[in-house]
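Hi everyone, thanks for coming.

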Amino acid sequence: MSTNEPNTELRRHFIRDIIEADIATGTFGGKVVTRFPPEPNGFLHIGHAKAFCLSYGLAEDYHGVYNLRFDDTNPVKEDPRFVEAIKKDIKWLGFDWEDREYYASDYFEQMYGYAVELIKKDKAFVDSQTLDEIRKNRGTIKSPGTNSPYRTRSIQENLDLFARMRAGEFEDGALVLRAKIDMASPNMLMRDPIMYRIRHARHHRTGDSWCIYPMYDYAHCLEDSIEGITHSLCSLEFEAHRPLYDWYLEQLNIHHSKQIEFARLNITHTVLSKRKVETLVSAGVVEGWDDPRLLTLSGLRRRGYTPQSIRNFIDRIGVAKSLSTVDFALLEHTVREDLNKRSNRVMAVLNPVKVIIDNYPADQTEEMQAINNPENPEAGTRLVPFSRELFIERDDFMEEPPKKFYRLAPGREVRLRYAYFITCTHVVKDASGTITEIHCTYDPATKGGNAPDGRKVKATMHWVSAAHAYDAEVRLYDKLLTVESTDEVAEGKTFMDYINPNSLEIRSHCKLEPSLAKAAAGDRFQFERLGYFSVDPVYSTPGRPVFNRTATLRDEWAKLRKK
RNA sequence: UGGGCUAUAGUAUAAUGGUAGUACAGCGGAUUCUGGUUCCGUAUGUGAGGGUUCAACUCCUUCUAGCCCAACCA
């Protein structure tokens with residue numbers, strides 16, 4: 001039995017079909033080598049996660065290896081701080097590229113050699129046209145281009161000029177090395193594409209050793225070839241580039257990786273392009289690349305998402321070639337699913353109103369035993385202090401409750417979770433009519449939350465003892481955009497005109513149960529009946545945690561209310 | 001002188017000539033000390049027309065719609 005036998009449990013998609021066919025026919029010697037090639041010019045988002053989970057996951061599934069390669073061929077856009085951020089994010093998702101951390105810039109010398117080879121084969125030439133002339137002579141989509149007047153330079157002259165380009169004899173833009181293909185090709189990319197341009201710029205790794213830098217199409221296929229990549233996955237917009245990718249490798253007659261394109265990820269109510277995310281960051285709409293409202297991996301991490309939930313999400317959305325926009329609800333579902341199993345429950349009141357239990361002794365405190373995680377008995381129990389004055393959620397009380405509302409109301413009995421049944425007797429309001437105190441009585445026989453006479457209540461509510469409550473800031477997040485897709489922006493507007501003004505709500509005096517005072521950055525909890533929250537690593541200080549809402553709980557009442 | 005690609009429920013994806021399935025969302029119900037979780041049930045789909053075949057999401061054909069390509073970006 002071969003170790004490469006397809007695993008039928010794996011989710012099927014067209015790339016698996018291709019790989020399995022290649023394994024079956026012995027193409028690439030039955031090996032699978034993939035790569036993820038980010039340009040270090042920004043942070044990774046969940047769309048990139050789809051890309052590397054796919055490439056890396058496939059390598060794992062078929063017992064191959066995967067590389068991390070920084071595609072750093074444009075020094076004016078790249079920065080080492082992004083290299084570090086990218087590595088951190090990929091590791092966070094659980095991948096280990098071991099020692100296979102490569103940089104396109106490490107191949108510059110080799111790429112230069114291949115370029116010389118192409119010149120010698122009369123497959124490349126140095127062009128002296130200006131940028132404008134090159135553009136004009138490229139033709140249009142519906143009309144052929146015209147050959148550069150310099151296209152017929154001798155091989156010797158091309159060799160000489162190219163060497164002098166490298167030596168730094170020319171200004172930026174003076175010359176360019178071009179592949180000699182076909183200016184009349186219906187594929188614009190095949191019209192003598194540029195291979196090298198002059199950039200007198202300091203590179204973050206090679207310093208000043210180069211002043212000519214290779215273009216993407218020329219560089220990328222060589223990077224894949226040099227590393228022995230078998231299946232080179234990329235997004236759909238590179239489909240038209242494939243003939244060029246193949247052309248360079250054929251001319252050079254070197255290892256030929258197979259480029260396979262798939263549809264990039266889009267998600268409703270957010271932006272997922274590096275350019276748009278950067279716009280939000282630089283305009284100050286969000287607080288940085290790691291703003292919890294962003295679907296950058298650093299933002300999701302800060303928001304409290306688990307790596308597992310993101311990988312589950314990516315697994316479920318599948319892979320195909322049709323443009324698609326995944327419902328944000330699916331991402332929320334996968335994070336709830338994971339957090340439901342792993343996070344401990346606590347009680348926190350985000351919008352507090354005071355409850356006074358008039359028949360409870362003023363000087364008494366009791367410790368109520370609460371279950372930490374009903375999904376995981378091993379999580380054990382804890383004690384929560386209970387006293388005469390408590391806070392409950394303002395939304396959990398209504399003076400004139402509608403039919404389907406079965407929480408606290410005048411004359412009604414409800415259960416305080418793990419504590420007592422209480423009955424509302426009356427409320428006290430301030431001059432403006434706002435309720436300041438809800439007065440109740442409790443039934444001492446219901447301690448722990450059950451009535452010995454078997455009577456039932458419709459609602460169970462969370463609460464926090466006023467005297468023991470811990471004040472904290474809680475940050476509530478909502479969708480970034482008010483529209484599902486940036487396709488919906490009206491004429492003359494941009495996605496920036498559709499930013500949800502309520503995407504961040506800061507509640508500064510929330511009342512938390514005392515056990516939460518020792519929560520540390522990154523800790524995750526379920527605030528009962530409210531949602532999943534995690535301790536913000538940036539704003540929290542020792543002893544003063546700030547919480548981010550990762551996701552709300554599903555809320556049937558909120559749905560009913562809207563109707 | 002244009003080329004390349006895509007089309008299956010609301011959304012995302014399976015079905016590779018043989019019962020159109022799964023997940024999320026929706027709706028209805030049961031259970032529940034979280035209006036959570038869990039469980040059960042349910043509506044909704046092959047872009048359109050023609051053809052081949054006993055049989056078509058699948059093959060052929062003609063349309064239609066959408067996306068990508070004219071950076072010295074990746």
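Q526 sits in strand β23, residues 524-527, where strands are DSSP runs of E with at least two residues, numbered from the N terminus. A word on the source: this is a predicted model, where local features need pLDDT of at least 70 and side-chain atom pairs pLDDT 80 or more, while totals for chains, interfaces and linings use all residues. Residues are numbered from 1 along each chain as its sequence is written, chains are lettered from A and ligands numbered from 1 in the order in which they are written, and side-chain values use heavy atoms, leaving out hydrogens and water.

So, is Q526 buried or exposed? It counts as buried, because its relative accessibility is 7%, and buried means under 20% relative accessible area with a 1.4 Å probe, protein chains only.

How much area do domain 1 and domain 2 bury between them? About 2,200 Å², 69% of it on carbon and sulfur atoms; that is accessible area (1.4 Å probe) lost on being put together, summed over both parts. F43, I46 and W92 supply 34% of the area that domain 1 buries against domain 2, more than any other three residues. Thanks, all!

Key:
Helices (H or I, at least four residues) and strands (E, at least two) are DSSP runs, numbered from the N terminus. Buried means under 20% relative accessible area, exposed over 50%, partly exposed in between (1.4 Å probe, protein chains only). Buried area is the accessible area (1.4 Å probe) that two parts lose on being put together, summed over both.
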